[in-house]
Amino acid sequence: MAEDLTRIYDRATFLFDNKEFVKAAELFAQLAQEEPDHLEVRMWLARAYYHSAQLGRAEEVLEAVVDRWPSEAYAHLLLARTLQRAGRADEGRQHLKIAEAMGLTE
């Protein structure tokens, strides 16, 4: 990650840690655009969207993550939780089962 991107990442994680999820999501979205194959950034972005109740955006990011990295258990778990929170628990059940099969428990 270039120096400027590293500063943005540091700022975004600081904002996330301080529960400023909307602001953190904006920065993580910028990073994800710059580094589309960076799994960690995409997971931070999904978490920031989830915690700021931007569930549609969280779902979109997580769907892309599980398509690209199907063995990422936490992405399956977070996608299940996102769908549950959106009132679509039945849709999330398969992702919860996948996460559990990979050894990730709540």
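Author: Helices here are DSSP runs (H or I, at least four residues), numbered from the N terminus. The axes of helix H5 (residues 73–85) and helix H6 (residues 89–101) come within 8 Å and cross at roughly 160°. This is a predicted model, in which local features need pLDDT of at least 70 and side-chain atom pairs count only at pLDDT 80 or more, whereas totals for chains, interfaces and linings use all residues. Residues are numbered from 1 along each chain as its sequence is written, and side-chain values use heavy atoms, with hydrogens and water left out.

Reader: How are H5 and H6 oriented to each other, roughly parallel or roughly antiparallel?

Author: Angles over 145 degrees count as roughly antiparallel, and H5 and H6 are therefore roughly antiparallel.

Reader: Is Thr-13 buried or exposed?

Author: Buried means under 20% relative accessible area, exposed over 50%, and partly exposed in between (1.4 Å probe, protein chains only). Thr-13, in helix H1 (residues 3–17), has 13% relative accessibility and so counts as buried. Leaving aside neighbours within four places in sequence, Thr-13 is in contact with Phe-28 and Trp-44. A polar atom of the Thr-13 side chain lies 3.0 Å from the backbone oxygen of Asp-10.

Reader: What is the relative accessible area of Arg-7?

Author: Arg-7, also found in helix H1, has a value of 48% and is partly exposed.

How values were computed. Helix = DSSP H or I, 4+ residues; strand = E, 2+ residues; numbered from the N terminus. Polar contact = N/O pair within 3.5 Å; in protein donor to acceptor, adjacent residues only side chain to side chain. Contact = heavy atoms within 4.5 Å. Axes fitted to C-alpha atoms, helices over the stretch in contact; angles between N-to-C directions. Parallel < 35°, antiparallel > 145°, perpendicular 65-115°, else oblique.
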